[in-house]
Amino acid sequence: MSHRKNVALLAAAQALLLTNGIMLISINGLLGLQLAADKRLATLPITTYVIGGALATLPAAFFMKRFGRRAGFMLGAGIGMLGAAISAFAVGIGSFWLLCFGTVFAGIYNAFGQQYRFAAADAAPLDWKGKAISLTLAGGILGGVIGPEVGKLTRTLLEPTYLASYGALVGFAALSMLIASRLDIPPLSVAEQKAVGRPLHHIARQPAFVVAVLAAACGYGVMNLLMTATPLAMDICGLPFADTAFILQWHVIGMFAPSFFTGSLIKRFGVLNILIVGAALMFVCIGIALSGITLMHFWWALVLLGVGWNFLFIGGTTLLTETYRPEEKAKVQGTNDFLVLGVQGLTSLSSGVLVTSTGWASLNTYALPIVAMTALATALLWLQRKSAH
């Protein structure tokens with residue numbers, strides 16, 4: 001039963017991580033719009049958040065291989081506290097570039113937190129891995145509700161605007177550190193720590209590895225491209241911040257509510273079928289986004305975007321666990337997350353530029369080829385496996 005306790009703790013940590021992430025997404029772009037001399041750089045504080053995460057993914061994975069999951073997650077939470085404190089100070093003095101620097105540390109915290117789902121899978125029995133991953137990510141529902149609400153409550157609690165919001169994130173990261181201290185995940189043996197396994201390029205030649213990484217990276221990239229632009233697009237369309245918080249809440253519910261049954265769906269219908277459904281939902285999302293700019297258009301598009309991301313990300317993570325041996329997991333998991341966060345960094349930076357220069361409709365159009373590529377690769381692997389059987 002220890003794996004169930006670990007999953008519950010990891011789900012709670014995931015909730016706090018998402019509270020951090022959603023608050024940063026909802027306020028960083030708007031704060032960047034206030035502080036940046038060039039308004040096209042409005043989403044740069046989100047991009048530096050993602051870059052910090054991308055650069056830290058491999059070091060985080062190898063740190064945990066050497067020192068264990070508990071130590072890694074506690075270190076990550078401590079770095080998250082530092083990042084939130086720097087960002088709060090940046091808001092206090094009105095420094096755009098210091099804010100960007102602070103969000104780099106918040107991104108490092110996210111890099112460690114990205115390993116929550118892998119920790120759940122590693123600690124679970126073989127037939128429970130998919131469910132362990134999805135239940136851990138289900139903790140994000142709480143973060144999706146808390147994040148925007150705390151953002152609204154703390155937005156003007158202190159002067160200048162958003163100072164209290166970053167102060168609240170220090171407390172959330174501290175609570176995450178406390179939760180991580182209660183984890184009971186045995187570290188790798190000395191032999192497993194020293195073992196190297198197959199070269200990464202050999203592992204990466206597996207079709208399943210390619211599809212797993214593509215599904216996670218493209219799913220996250222498209223989701224981030226549209227989600228990061230949403231607060232700016234809604235502001236441009238004249239919709240109030242309260243509506244933006246409402247949309248982001250439902251988007252995150254769409255991202256994580258399916259996690260209660262995604263693992264069971266994967267077990268019943270197969271991981272590739274779930275990936276194809278995830279890509280189809282993203283096509284529908286883009287179609288709705290292109291059809292109008294009312295509150296309900298944003299609501300339907302962002303909810304379906306969240307569900308599509310859930311199927312692609314959990315499906316990709318589950319498929320990835322089929323491609324490596326225990327001694328190879330640090331480099332494979334780290335490489336996967338580096339690529340995912342790298343794509344996320346590119347989309348968050350381009351998101352602000354595109355939505356402010358070409359508009360919301362054009363932004364959605366650019367996402368179509370990415371979704372199509374994911375769907376095609378998954379379909380080819382599906383056909384290959386069907387033919388082999």
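**Helix packing and aromatic contacts**

Helix 6 buries Lys-129, Gly-130, Ala-132, Ile-133, Ser-134, Thr-136, Leu-137 and Ala-138 (buried means under 20% relative accessible area, exposed over 50% and partly exposed in between, with a 1.4 Å probe and protein chains only). This is a predicted model, in which local features need pLDDT of at least 70 and side-chain atom pairs count only at pLDDT 80 or more, while totals for chains, interfaces and linings use all residues. Residues are numbered from 1 along each chain as its sequence is written, and side-chain values use heavy atoms, with hydrogens and water left out.

Helix 6 covers residues 129-138, and eight of its 10 residues are buried, so it counts as mostly covered (helices are DSSP runs of H or I with at least four residues, strands are E runs with at least two, and both are numbered from the N terminus). Its buried residues pack against helix 1 (2-35), helix 5 (116-123), helix 7 (140-154), helix 12, helix 13 (259-269) and helix 15 (contact means heavy atoms within 4.5 Å).

Two of these neighbours, helix 12 and helix 15, also touch each other. The axes of helix 12 (residues 241-256) and helix 15 (residues 295-320) come within 6 Å and cross at roughly 25 degrees (axes are lines fitted to C-alpha atoms, for helices over the stretch in contact, and angles run from 0 to 180 degrees between N-to-C directions). The two helices are therefore roughly parallel (under 35 degrees; over 145 is roughly antiparallel, 65 to 115 roughly perpendicular and the rest oblique). On the helix 12 side, the contacts include Phe-246, Trp-250 and Phe-256; on the helix 15 side, Phe-298, Trp-299 and Trp-309 are among them.

Phe-256 and Trp-309 turn up again in one aromatic cluster, together with Tyr-220 and Phe-313. Rings of Phe, Tyr and Trp (its six-membered ring) pair if their centres lie within 6.5 Å; planes under 30 degrees apart count as stacked, over 60 as edge-to-face and the rest as tilted. By this rule there are 12 aromatic pairs. One of them is Phe-63 with Phe-112, edge-to-face at 6.3 Å centre to centre and 80 degrees between the planes. That pair ties together distant parts of the chain, with Phe-63 in helix 2 (residues 44-67) and Phe-112 in helix 4 (residues 96-113), 49 residues apart. Phe-63 is partly exposed at 25% relative accessible area, whereas Phe-112 is buried at 5%. Phe-96 and Trp-97 also pair edge-to-face, 5.1 Å centre to centre with 80 degrees between the planes. Here Phe-96 is buried at 6%, while Trp-97 is exposed at 58%.
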